[in-house]
Amino acid sequence: MDKLLITGKKELKGEIFASGAKNSALPVLAASLLAESPMKVSNLPHLNDVTTMIELLGSMGIDIMLNEDMDVYVDASSIKNLNARYELVKTMRASILVLGPLLAKFHQAKVALPGGCAIGSRPVNLHIDAMRTMGASISLEGGYINAKSDGRLKGKTINFDPVSVTATENVLMAASLAEGETIINNAAKEPEVVDLADCLIKMGAQIKGQGTDKIVIQGVETLVGCDFSVMPDRVETATYLTAVAMTGGDIKIKGTRPNSVDSVVSKLREAGALIKSGEDWISLKMEINRPKATSLSTGPYPSFPTDMQAQFIALNSIANGTATVTENVFENRFMHVQEIARMGGKISLKGNTAIIQGIKDLVGAPVMATDLRASASLVLAGLVAKGTTQIDRIYHIDRGYERIEEKLNILGADIERIS
Ligand code: UD1
């Protein structure tokens, strides 16, 4: 199993390009199921989750072609079966995104239940309830969601509680081909939801209100394939900015969307970073020795993203002062705390709040990645620690960060992948 070996205490400096967003690539690839004609999706990141989604479509008999730029051509008209098998779904919860499109287009779907997850129970009840409201009959049998609809799904009002990103996306896709009007109340406002809506509109869907908490969709009878380039990955951009706020130095990230990281930028400024941005770039300079302790609470967009919580625990662990970080989106998303503690971090947990007393230096140690963003926090901790940090189980990081060691080494880090 691959490991990352990081020798810390190197200042980071330089320019990198942002990769395409995983959380936009996955729903956009799922949306290709809705099209009558082939679809071209570009700016896809080379990530295991994206490969899993492509494999999932391929396992349904769909013709998929890739060119050397990793543009993917999907022709859903060649579909042969409507099953999302457990072997693929278990490695990626976002496989649930095929439920809405399969039901809307083919009026039938068999999708494995994703099961447990390291960061809390993460149920899929909202997805299932919404499809039922739209007229699908659904039974849960043998670990599978068996869904059927008698003709087209029906446009309805869906009220989400809590707000859910992928459930909003599933309903957006299903409603685009449903009969009549669908209203999504308490819809997720994440930029990736807007990206998906923009893609569906390019395919012929009639959608209004994306980016607000009320989305209105007028169903149409057919959607066609289009060329769509997915947005830049805001969590990746925010992670690299945070890395440099910790190590000191300066970074420019090109090909990104600065306004998608506003909540993180305001916390990095609070930590002492100097940040500038243009239309498609953002830069960060850290002139002080250590970041200042920065307290925060996570929440749905535009609040501080849960996908950056672990990285800010790493930042606060070497900050000047004491901070609290409260996780409001997922239960049990603190697996990284024990690992950072192995490197000397002084962190205690009280319910869904971590109290972090910043210390001057973490010390390199063997640690284990437990989920995607937790592993990013361990990389950041390794970059500032004295000595060498060895991170095990880095397949988690390969799900969400494209060429992470290559990008960090360009900036002057010392990271090696070993097996
Ligand atoms: C998406 C992102 C993930 C991010 C998360 C929150 C993708 C592929 N993944 O995940 O990176 O961390 O949003 O920003 O886009 N919930 C239910 N029932 C459901 C669905 C969700 O109770 O049926 C709860 C969850 O347990 C959680 C909350 O809703 O407490 C929000 O989760 P959700 O927005 O659904 O996360 P994902 O869409 O899975």
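This passage describes selected local features of a predicted model. Residues are numbered from 1 along each chain as its sequence is written, and side-chain values use heavy atoms, with hydrogens and water left out. Because the model is predicted, local features need pLDDT of at least 70 and side-chain atom pairs count only at pLDDT 80 or more, whereas totals for chains, interfaces and linings use all residues.

Helices (H or I, at least four residues) and strands (E, at least two) are DSSP runs, numbered from the N terminus. Strands are said to pair if DSSP finds at least two bridges between them. An open sheet is formed by four strands in the order S2-S15-S17-S16, with mixed pairing. Its edge strands, S2 (12-17) and S16 (274-277), each pair on one side only. Direction ignored, neighbouring strands of the sheet are turned by 10 degrees against each other on average. Helix H8 (residues 234-247) packs on this sheet and touches S2, S15 and S17, contact meaning heavy atoms within 4.5 Å. The direction of H8 makes about 170 degrees with that of S15; axes are lines fitted to C-alpha atoms, for helices over the stretch in contact, and angles run from 0 to 180 degrees between N-to-C directions. Within the sheet, S15 (residues 249-254) and S17 (residues 281-286) are antiparallel and share six bridges, and Gly 249 stands opposite Met 286 in S17.

Asp 49 lies in helix H2 (residues 48-59). Asp 49 counts as buried because its relative accessibility is 2%; buried means under 20% relative accessible area, exposed over 50%, and partly exposed in between (1.4 Å probe, protein chains only). Leaving aside residues up to four places away in sequence, Asp 49 touches Lys 22, Leu 26, Thr 91, Met 92 and Arg 399. The side chains of Asp 49 and Arg 399 are joined by a polar contact of 2.8 Å. Such a contact is a pair of N or O atoms within 3.5 Å; within protein, one must be able to donate a hydrogen and the other to accept it, and residues adjacent in sequence count only if both atoms are side-chain atoms.

Backbone geometry was also examined. Most residues other than glycine have a negative phi, and most peptide bonds are trans. Asn 43, although not a glycine, has a positive phi of about 60 degrees and is partly exposed, with a relative accessible area of 35%. Met 70 also has a positive phi, near 70 degrees, but is buried, at 11% relative accessible area. A cis peptide bond joins Asp 161 and Pro 162, with omega about 5 degrees.
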